[in-house]
Amino acid sequence: MDVTRARSVSRFFTVPVITLIALTFLLGLSEFIVVGVMQPIASDMRVSLAAIGSLVSAFALVYAPMTPIGAAVSAKFNRFHALMAMTCIFLAGNVLCAFALNYPMLLVGRIVIATVSGPLVAVPMTFAPDLVDASDRPRFMSWIFSGISIAAVFGVPIGTFIAQQFGWRWSFHLINLLTVMVIISMLRCLPRDSYVTGTARFLPQFRLFTDVRVWYGILAVVFGAAATYSFYTYLSPILTEEIGVPERYLSLALTVIGLAALWSNLYSGKLAARGTGSQPIVGLIPLYLLQAVCLAVLPFASMIPALGAVDLLALSCLMYLQNSPSQVLHTAIATERFPSSITLASSMNAMAFNIGITLGSTISGLAMTHLGLRWLGLFGAVLALGSVGVLMLLKRAESRDITRWTTLFLNR
């Protein structure tokens with residue numbers, strides 16, 4: 001049994017698969033690094049903490065619309081060439097951040113990165129038929145997403161430690177060095193003569209949005225991600241100022257939280273296997289309710305630090321549970337009704353998650369400015385309940401067969 005499992009693992013974790021996981025690791029590291037180095041950047045740039053927090057909002061604001069647009073455009077081209085071109089743009093954006101002379105220059109660098117980060121999550125998933133067996137494709141999707149979670153576990157704390165020791169710019173230098181290594185690996189091992197949808201036209205791919213189930217799936221992820229980022233945007237200040245974690249132990253605390261987030265992403269693959277279509281994501285209703293309760297408790301963190309620490313750990317375990325169930329929903333809809341929209345469907349979760357980041361970080365920024373860190377959780381709880389409401393509507397719509405009639409009407 002153990003030998004068979006070892007062989008299965010070795011067949012799955014090939015060099016191309018590991019390379020694509022490494023790519024999404026770098027995407028996650030680049031996206032979330034600001035959370036860990038927020039305070040050093042603010043001090044160096046001589047701007048407020050809220051201004052640095054707005055880098056998170058700006059990143060997600062660009063990321064969200066560029067994800068479906070970039071995915072749809074990339075479907076028209078050779079998959080390998082599209083992936084390489086976007087990875088080089090990603091590298092250029094991080095180089096700009098590393099050498100930014102002022103806040104506007106740093107902001108431009110973040111926008112350049114955000115332009116390609118969404119498609120760089122979607123396109124690797126379309127390599128699944130070339131790299132793994134059909135039975136391993138759900139696991140492949142889960143691990144592609146997990147690259148981002150691994151960044152939260154190891155990358156962000158390491159980046160934070162590097163920033164504390166050598167300055168925040170060296171965190172971006174590390175990203176740049178690793179990106180060059182991934183580019184070299186992609187050149188050596190990824191299949192080159194492959195198209196996602198052949199000669200797929202641009203606009204017809206967006207017929208995917210005529211299925212009402214897509215919108216329910218998007219909104220559920222938007223509210224769930226917004227609930228998460230109501231506290232995660234200011235995670236470092238919450239840990240140090242509300243929970244009372246000493247500065248020297250901040251990297252360790254972020255590592256523990258990152259491990260919980262990684263578990264969340266991997267466990268989402270198991271949740272995705274519980275049924276087909278909308279069943280896995282509808283099954284998340286109790287977990288969104290639990291998220292709302294945990295967020296409502298967060299304001300008491302400073303009063304009872306131990307409770308706050310446990311609460312943050314629980315919230316981290318809930319962070320990414322929606323990823324794979326959402327991906328199953330959108331991929332199933334595309335496979336059934338819109339085969340030319342597979343790449344676009346693969347981008348829906350990433351797009352929705354970053355719309356949620358924008359919403360959550362914007363609301364938390366306003367709440368922090370006017371009320372303080374302590375009250376961020378209450379706003380997040382309301383957002384989590386939004387996911388519950390959307391999924392209840394999805395469940396009700398499917399039980400009444402509204403979905404089929406809506407799509408038939410809109411597709412005329």
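For the planes, I used under 30 degrees apart as stacked, over 60 as edge-to-face and the rest as tilted. I kept to residue numbers that run from 1 along each chain as its sequence is written. In this predicted model local features need pLDDT of at least 70, side-chain atom pairs count only at pLDDT 80 or more, and totals for chains, interfaces and linings use all residues, while side-chain values use heavy atoms, with hydrogens and water left out.

I looked up Trp-168 and Phe-172, which pair edge-to-face, 6.0 Å centre to centre with 85° between the planes. Trp-168 has 4% relative accessibility and so counts as buried (under 20% relative accessible area; exposed is over 50%, partly exposed in between, with a 1.4 Å probe and protein chains only). Phe-172, at 0%, is buried.

Next I took Phe-209 and Trp-215, a tilted pair at 5.4 Å and 45°. Phe-209 is buried at 17%, and Trp-215 is partly exposed at 41%.

I also noted a cluster in which ring pairs link Tyr-229, Phe-231, Tyr-232, Tyr-320 and Phe-353.

Last, I checked helix α10 (residues 212-232) against helix α14 (residues 285-297): the angle is about 25° and the axes are 11 Å apart. The two are therefore roughly parallel (angles under 35 degrees; over 145 is roughly antiparallel, 65 to 115 roughly perpendicular, the rest oblique). Their contact (heavy atoms within 4.5 Å) includes Phe-231 of α10 and Tyr-288 of α14.

Definitions and conventions
Axes are lines fitted to C-alpha atoms, for helices over the stretch in contact, and angles run from 0 to 180 degrees between N-to-C directions. Helices (H or I, at least four residues) and strands (E, at least two) are DSSP runs, numbered from the N terminus. Rings of Phe, Tyr and Trp (its six-membered ring) pair if their centres lie within 6.5 Å; planes under 30 degrees apart count as stacked, over 60 as edge-to-face and the rest as tilted.
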